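I opened the model to look up a few strands, helices and single residues. My entries follow in the order in which I made them.

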Amino acid sequence: MKSASDQFSTNANRALDNPILQHALLNVKQGLVNRRLQAIQNIPQFEEWRTYASQIKTHTLANMDFYLQQYEQQVIASGGQVHWASDAEEAQQIILSICQQVGAKTVVKGKSMAGEEIGVNDILEENDMEVVETDLGEYIIQLAKEPPSHIIVPAVHKTKEQISDLFFENHQAYGCHERLTEVPDLVNEARKIMREKFHAADVGITGANFLIAETGTSVIVTNEGNGDLSSCLPRVHIVTAGIEKIVPKLADASLLLRLLARSATGQDSETYSTFFTGPKREQDQTGPDQYHVVLIDNHRTEMLSSELRPMLRCIRCGACMNHCPVYTSIGGHAYGWVYPGPMGSILTPSTIGLENAKELPNACTLNGRCASVCPVKIPLPSLLRSLRIRQFDRGMMSWQARTGLKVWALLNRYPTLYGLATRIAVKGLGLLSNNGVIKSIPLDAGWTPHRDMTAPGKDSFMHQYRQQQKSGDRS
Amino acid sequence: MNTNTKTGAGQKRIAFFVTCLVDMIRPSIGFAALKLLEATGHTVEVPESQSCCGQAAYNSGDIEAARQTARRHIELFEAYDYVVAPSGSCLAMIKTDYPVLFEDQAEMHKRAIALSEKSFELLSFLDLQGVAIEAEYHGTVTYHDSCSGLRSLGVKHQPRNLLNKVKGLSLTEMNDAEVCCGFGGAFCVKFPEISNHMVTDKLNNILTSKADTLAGGDLGCLMNIAGKLSRQGVALRCFHTAEILAGMTDGPGICASKGTSGT
């Protein structure tokens with residue numbers, strides 16, 4: 001997927017002024033946040049689960065080579081095929097080749113962020129295949145020709161009215177001429193159209209929430225059952241997954257599933273949790289003839305061998321962005337790529353390059369609410385700071401920021417100088433005071449355009465304290 | 001006012017770390033803190049060559065500069081029994097991040113850990129010490145939970161315990177008290193529009209709470225919120241909790257015009 005992450009500030013500011021988006025974001029800011037709270041209220045062991053889950057993932061990441069090889073052996077033993085893609089282009093070619101070999105005309109897709117990452121729709125459409133997104137949210141944004149704005153609810157930025165418009169425009173071709181306005185009617189129309197696509201599809205592509213090494217199983221969760229229909233009806237099932245989705249055992253996947261839905265949408269479990277192991281067996285009534293797993297690296301092994309390794313624990317629940325006051329102010333599109341919010345501010349620069357997503361690690365107050373809800377306890381603020389350290393070391397800051405920091409460092413090295421500078425600042429700001437309040441500071445484009453500044457008192461604390469100690473008076 | 005007299009081995013030496021914003025913008029918070037700390041019965045000193053805790057450099061990625069200032073503050077404070085600061089973010093820097101800064105230097109790491117164990121955010125410290133609160137404040141106060149204090153240091157019930165001891169004061173909780181106000185250090189000037197949006201949300205929550213006073217534990221947050229309230233012409237008093245607890249609320253609140261004072 002092409003990135004617009006270098007337009008972050010512009011897009012973020014535009015989003016702030018978009019009343020339709022702001023209204024839609026309430027569904028995340030209040031809706032999803034409250035639903036998660038309700039779901040975990042009756043689970044006293046939720047914190048313990050988070051600790052275990054974090055340990056499982058940490059252990060797995062420390063032994064990725066072993067588990068990936070075990071996984072591959074098990075997939076092959078169950079009749080499937082495993083393909084290793086070092087980057088997006090390689091993954092595209094592998095998937096294209098599989099589709100071309102079976103003469104695919106129609107491809108149905110379950111929601112896969114890894115699929116978005118590698119641009120699988122683009123390569124197939126360029127080669128004259130019809131690609132149909134079957135997750136309702138993904139279907140909606142496919143019609144709107146927009147990227148996802150959230151990893152779990154990709155069309156969360158769209159209102160019912162906008163969706164009604166999209167369906168009315170795009171479903172004429174299927175003989176649907178009535179403008180629908182109620183949610184059940186819209187869902188049923190989409191369902192009817194998709195049902196035809198499922199039956200017509202030659203290939204189904206899904207993502208994977210987990211890959212289980214012990215059994216060579218891929219797991220997906222959906223609320224609509226579209227993952228099942230995408231994988232069982234077509235002749236070929238392709239699973240696209242980042243290598244970090246690997247977990248050792250079925251029991252591990254079980255624990256992670258308990259955390260996933262609750263953290264994402266406040267459900268105890270997604271409606272469908274499906275486990276796929278290999279293609280159709282002789283005795284099966286349904287199932288694909290071919291089962292392919294495309295394991296994607298795309299900079300994950302780089303992250304694995306760096307201080308960013310903990311980011312690979314991510315189980316793609318979306319809780320971090322739901323609880324992020326920056327994300328819920330600007331929505332997902334401002335981040336400019338597949339992954340938004342806190343996890344996206346780490347994954348996007350790590351995948352497309354820090355120089356292409358400079359602002360993302362900085363658009364954060366380090367408030368830590370994301371880390372406090374992450375089911376696998378990723379230290380998100382620390383990782384964002386690590387990216388800022390990389391930026392500093394690579395001289396990627398503006399000269400103003402660099403100079404400011406140099407001055408700060410100098411003053412801090414010489415406390416007397418620091419004390420003096422503080423007193424000068426006190427006097428300087430005092431000149432701008434309008435009865436205790438400062439309305440405008442020259443050259444300030446950040447603070448006083450939006451809020452008043454507190455004027456300082458007569459002198460710094462340290463100076464006043466020193467004077468009082470000298471005179472023996474403490475009032 | 002010494003309400004607990006401690007002598008000999010019972011009396012400890014507290015190093016007061018004023019923090020840069022309090023030092024520069026609102027010294028009254030520092031004096032309020034000193035008054036409250038002295039009420040614990042321990043001796044309180046303000047070590048001379050203190051400066052900024054280093055989070056500005058740390059959070060901008062300048063690790064070396066952060067390490068230099070951290071080293072100096074470890075050397076300055078380590079001889080004391082306690083280090084106390086009227087700021088969650090600055091104290092969190094000392095408590096949780098100074099050890100991280102010296103992870104690869106065994107000796108300094110040990111010293112950083114030792115300092116960390118005796119460093120306390122002011123309100124947590126006062127609550128732990130069970131200090132008596134004699135102040136009066138007639139108003140309805142709502143509390144903003146600053147992020148670092150809340151999530152790095154567990155500051156949540158302590159300020160509320162203390163405020164509940166103030167005669168005439170009633171506490172009311174706002175919605176989303178724990179959601180970031182949008183200050184975030186450099187964030188508020190790097191991304192001013194997003195920051196403005198976040199502080200506007202906070203303002204709306206304060207107004208819905210029907211409180212007439214805002215209290216908090218971090219001057220950065222309070223300046224941000226009070227600055228927005230002032231710009232919007234909302235007459236709501238903002239104080240650092242220390243000022244309320246020390247009975248120092250006769251003058252103007254944070255970012256309020258001189259000549260405005262409360263009842």
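**Entry 1: a parallel sheet in chain B.** I looked up B:Thr142 and found its bridge partner in E7(B) to be B:Leu214. The two strands concerned are E5 (residues 136-144) and E7 (residues 213-216) of chain B, which pair in the parallel sense over four bridges. I take strands (E, at least two residues) and helices (H or I, at least four residues) as DSSP runs, numbered from the N terminus. Two strands pair if DSSP finds at least two bridges between them. The sheet is open, has four strands in the order E6-E5-E7-E8 (chain B), and its pairing is parallel. At its edges I noted strand E6 (167-171) and strand E8 (237-240) of chain B, each of which pairs on one side only. Neighbouring strands of this sheet are turned by 35° against each other on average, direction ignored.

**Entry 2: what I am reading.** This is a predicted model, in which local features need pLDDT of at least 70, side-chain atom pairs count only at pLDDT 80 or more, and totals for chains, interfaces and linings use all residues; side-chain values use heavy atoms, with hydrogens and water left out. Residues are numbered from 1 along each chain as its sequence is written, while chains are lettered from A and ligands numbered from 1 in the order in which they are written. pLDDT is the predictor's confidence in each residue, from 0 to 100. Chain B has a mean pLDDT of 95, and 95% of its residues reach 70 or more. For the complex, the predictor gives an ipTM of 0.95 and a pTM of 0.95.

**Entry 3: strand E10 of chain A.** Is this strand (residues 290-296) enclosed or open? I found it largely enclosed by the rest of the structure, because six of its seven residues are buried. Buried means under 20% relative accessible area, exposed over 50%, partly exposed in between (1.4 Å probe, protein chains only). Strand E1 (residues 81-85) of chain A runs parallel to E10(A) and is joined to it by five bridges; A:Val82 has A:Val293 as its bridge partner there. Strand E7 (residues 236-242) of chain A is also parallel to E10(A), with seven bridges, and A:Ala241 stands opposite A:Leu295.

**Entry 4: two helices in chain A.** The axes of H16 (residues 341-352) and H18 (residues 380-393) of chain A come within 10 Å and cross at roughly 35°. Axes are lines fitted to C-alpha atoms, for helices over the stretch in contact, and angles run from 0 to 180 degrees between N-to-C directions. On the H16(A) side the contact is made by A:Pro342, A:Met343, A:Ser345, A:Ile346 and A:Pro349, and on the H18(A) side by A:Leu380, A:Leu383, A:Leu384 and A:Leu387. Contact means heavy atoms within 4.5 Å.

**Entry 5: two buried residues in chain B.** B:Cys53 sits in the loop between E2 and helix H3 (55-58) of chain B, and it counts as buried because its relative accessibility is 3%. Leaving aside neighbours within four places in sequence, B:Cys53 is in contact with B:Phe17, B:Thr69, B:His73, B:Cys90, B:Met93 and B:Tyr98. B:Glu243 lies in helix H13 (residues 241-245) of chain B and counts as buried at 1% relative accessibility. Not counting residues up to four places away in sequence, B:Glu243 touches residues including B:Arg26, B:Ser28 and B:Ile254.
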